[in-house]
Amino acid sequence: MQAIQIIFRFLGFLFRAKTRYQVHSPFVFDFVENTLEDERHYYAFSDIERLRELLLKDTTKIKVTDLGAGSHRLKKEETRSIAAICKTAVSPPKKCQLLFKIVHQVKPKTILEIGTSLGISTIYQAKAASNAQLISLEGSPAIAQVAQQNLKRLKVNNTTITTGPFEATLVPALQQLKKLDYVFIDGNHRQDATLLYFEKCLDFAHADSVFVIDDIYWSAEMQAAWQSICQHPKVTLSVDYFDVGLVFFRKDHLEKEHHLVIRSFWKPWARGFF
């Protein structure tokens, strides 16, 4: 049922969204061109996807602590196989590669990820900014342990995984980073929790910060959370890619802008002539 609802939401998004050819903001056009429309296969992708293939075959069972909506595509169980977690709770390749391209474009020095899971998305973002300091938060100790092993496999040395309830670990992580250049919020997929994480991160944001919110069409709650974030007085620019939403705090945007953008692949007729 949920999959059908998401399909209908995508069709509505497809109808309303614009392609790069219809975006008039130079900043947004450039950003879309270098992230959503970037079809290059970067150096790290193959290694990370080989790791994903290994995890999808790993039948090892671990005890999982589910502290919230967290593993939102899984039933709440005490024991799960690594393969099942990888299949249902880890972001798919296309989304992870989009995150890589967003980080590559932003070039942050400090990165926060709320929701590590098995570390696949973490590695993608860490590899895109190898000189950055990245802290990733994970609620389940067993999952965090597997993620740490995965980081070691691919020699990721710029990342710290912190384990525990996000409400307890978020502020200390922000205080350790001191300022927040980039954040990926992919933890508890509830409206109140998402807005809480957003507000806490705001205290450490600056004019060039970029916040990325995952699964903004996953549920009515997440859609409401996304709309609230876009309407926040400090947000000057928001870009909706359907899979993720991005918010900016740029001072050169005197009037609030909101863009729904889809790859030109989906609208081959929308070449800016209409």
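**Exercise 1. Determine the handedness of the H5–H6 crossing, and classify the packing of the two helices in this predicted model.**

Step 1. The crossing of H5 and H6 is right-handed.

Step 2. Take the geometry. The axes lie 8 Å apart, at an angle of about 30 degrees.

Step 3. Classify. Angles under 35 degrees count as roughly parallel, so H5 is roughly parallel to H6.

Step 4. List the contacts. H5 contributes Cys96, Gln97, Leu99, Phe100, Val103 and His104. From H6 come Ile120, Ser121, Tyr124, Gln125, Lys127 and Ala128.

**Exercise 2. Find the buried residues of H3 and explain why they line one face of the helix.**

Step 1. Check the helix. H3 runs over residues 45-56 and has 12 residues. Its first and last C-alpha are 16 Å apart, close to the 16 Å expected.

Step 2. Pick out the buried positions: Phe45, Ile48, Glu49, Leu51, Arg52 and Leu55.

Step 3. Look down the axis. These residues fall within an arc of 150 degrees, so they line one face of H3.

Step 4. Recall the helical repeat. With 3.6 residues a turn, residues three or four places apart point the same way.

Step 5. Identify the cover. It includes helices H4 (82-89), H5 (93-106), H6 (120-128) and H7 (141-153).

**Exercise 3. Repeat the analysis for H8: which residues are buried, and what do they pack against?**

Step 1. Buried in H8 are Phe166, Thr169, Leu170, Ala173, Leu174 and Leu177.

Step 2. Their arc is only 135 degrees, which puts them on the same side of H8.

Step 3. Their partners are strands S3 (110-114), S4 (133-138) and S5 (159-163), and helix H9 (191-202).

Step 4. Inspect the end. Lys178 follows H8, with a positive phi near 75 degrees.

Definitions and conventions. Residues numbered from 1 in each chain as written. Predicted model: local features only at pLDDT ≥ 70, side-chain atom pairs only at ≥ 80, totals over all residues. Heavy atoms only, no water. Buried < 20%, exposed > 50% of the residue type's maximum accessible area, 1.4 Å probe, protein only. Helix = DSSP H or I, 4+ residues; strand = E, 2+ residues; numbered from the N terminus. Arc of directions from axis to C-beta. Contact = heavy atoms within 4.5 Å. Expected span 1.5 Å × (residues − 1). Axes fitted to C-alpha atoms, helices over the stretch in contact; angles between N-to-C directions. Parallel < 35°, antiparallel > 145°, perpendicular 65-115°, else oblique. Left-handed = near helix turned anticlockwise from the far one by under 90°.
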